[in-house]
Amino acid sequence: MKLLVTGGAGYVGSVCAAHLLGAGHEVVVLDDLSTGHRDAVPAGAEFVEGELGARSGEVLARGGFDGVLHFAARSLVGESVEKPEKYWDGNVVASFRLLEAVREHGVGRLVFSSTAATYGEPDEVPIPETAPTRPTNPYGASKLAIDHMITSYAAAHGLAATSLRYFNVAGAHLTADARLGERHAVETHLIPLVLQVAAGTRESISVYGDDWPTPDGSCVRDYIHVDDLAEAHLLALTHAAGGRHDVYNLGSGQGFSVLEVVQACRTVTGHPIPAVVAPRRAGDPAVLVASSEQAARRLGWKPSRTEIETIVTDAWEFARSR
């Protein structure tokens, strides 16, 4: 297939682009490099620099595209609360323009990078796709709005669409051809932050609350290896059906607490990694774990890199290679 990967110079987008190339697909990456990195675009992919809303129609107008994998987005929760206009414009409006380009140029398939943030604070854990969607911030709300748009385009225009709602993506893609991992200018993810302590660029890691209703008092999250995530995108691409919008949660189905993640990082790095307890953050659920049973049943997807030490080891190897 000939595929457009929006946001393909970012963390998840670049790894998925590498997997697509490895599967023999032709890949064009569109990225404005506002948060991505030019050297993260895998060798073999064509790169087009530009904003999603402004350039997606121009790229798709070339013709011959079989599908779009849409990763380009603003994704900082705190920023979305302070500057929601950036998220309604950069996520929702830009995605609308992409969908219009997809419709206009007859592209048949779409895989969208959605998020567990669409659920907000869950009523049940593990979280199924049938859980109520009640995002607690503009970032999650913007992603949910895009999901609703996609549903309408699938029904009205026959688009074969899939939204993949990620939980906590981590780890790195390490092969002879590419070494791709997390390197955000503003880092908010736990594992890279903990590894910054081991690398000597951060003094300690903050643990936001030690009195949660969990076994060790710290929050529990579901971590999924980025290579497992990429494999789900390839399956979603091939299983999509015209006129239908499928939604799948992607996680390991098991949770690790903040303190367990910190200990895994200590084990892998050999660094003591001081942890400092800080007040709880408003809006943090105690436990977020995915039910990925639907992805297993309908896509045949099952994550294979579920041990937290495996995920941390790959992330640490990538961090040390920078």
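1. Lys83 sits in the loop between helix 3 (77–82) and helix 4. Helices here are DSSP runs of H or I with at least four residues, strands are runs of E with at least two, and both are numbered from the N terminus. Lys83 is partly exposed, with a relative accessible area of 37%. Buried means under 20% relative accessible area, exposed means over 50%, and partly exposed lies in between (1.4 Å probe, protein chains only). The C-alpha atoms of Lys83 and Lys2 are separated by 36 Å. Along the chain, these two residues are 81 residues apart.

2. A note on the basis. This is a predicted model, in which local features need pLDDT of at least 70, side-chain atom pairs count only at pLDDT 80 or more, and totals for chains, interfaces and linings use all residues. Residues are numbered from 1 along each chain as its sequence is written, and side-chain values use heavy atoms, with hydrogens and water left out.

3. Helix 4 (residues 84–104) also holds Asp89. Asp89 is partly exposed, at 44% relative accessible area. Asp89 gathers with Asp32, Glu49 and Glu51 in a surface patch of negative charge. Patch members have over 30% relative accessible area and no salt bridge; like charges are joined within 9 Å, and nonpolar side chains (Val, Leu, Ile, Met, Phe, Trp, Tyr) within 5 Å. Lys and Arg count as positive, Asp and Glu as negative, while His and the chain ends are not counted. The charge is placed at NZ of Lys, CZ of Arg, CG of Asp or CD of Glu. Areas come from the Shrake-Rupley method with a 1.4 Å probe; for residues, only the protein chains shown count as cover.

4. The structure holds 14 salt bridges. The criterion is a side-chain nitrogen of Lys or Arg within 4 Å of a carboxyl oxygen of Asp or Glu. One of them joins Arg280 and Asp211, at 3.0 Å from N to O. This pair links distant parts of the chain, 69 residues apart. Arg280 is in the loop between strand 15 (275–278) and strand 16 (287–288). Asp211 is in the loop between strand 10 (205–208) and strand 11 (220–221). Arg280 is partly exposed at 41%, and Asp211 is exposed at 51%.

5. Which residues form salt bridges with Asp246? Arg244 does, with the closest N and O atoms 2.9 Å apart. Arg298 does too, at 3.1 Å between the closest N and O atoms. Arg298 lies in helix 9 (residues 293–299) and Asp246 in strand 13 (residues 244–250), so this pair ties together parts 52 residues apart in sequence. Asp246 is buried at 6% relative accessibility. Arg244 is partly exposed at 33%, as is Arg298 at 34%. Elsewhere, Asp228, Glu231 and Arg305 are linked in a network of salt bridges.

6. Helix 6 (residues 190–199) is largely enclosed by the rest of the structure, because eight of its ten residues are buried. Among them are Leu190, Leu193 and Val197. The buried residues of helix 6 pack against strand 7 (168–170), strand 10, strand 12 (223–225), helix 8 (258–269) and helix 10 (308–321). Gly200 follows helix 6, with a positive phi near 90°.

7. Ser56, in helix 2 (residues 52–60), is buried at 0% relative accessibility. Leaving aside neighbours within four places in sequence, Ser56 is in contact (heavy atoms within 4.5 Å) with Leu30, Glu51, Arg97, Leu98 and Ala101. Asp147, in helix 5 (residues 138–157), is buried at 2%. Not counting residues up to four places away in sequence, Asp147 touches Phe112, Ser114, Thr118, Ser163, Arg165 and His245. The C-alpha atoms of Asp147 and Ala116 are 12 Å apart, with 31 residues separating them along the chain.

8. Backbone geometry next. The peptide bond from Val125 to Pro126 is cis, with omega near 0°. Pro126 is in the loop between strand 5 (109–115) and helix 5. Leu33 has a positive phi near 60°, though not a glycine. Leu33 lies in the loop between strand 2 (26–31) and strand 3 (46–49) and is partly exposed at 24%. Ile273, also not a glycine, has a positive phi near 45°. Ile273 is in the loop between helix 8 and strand 15 and is buried at 0%.
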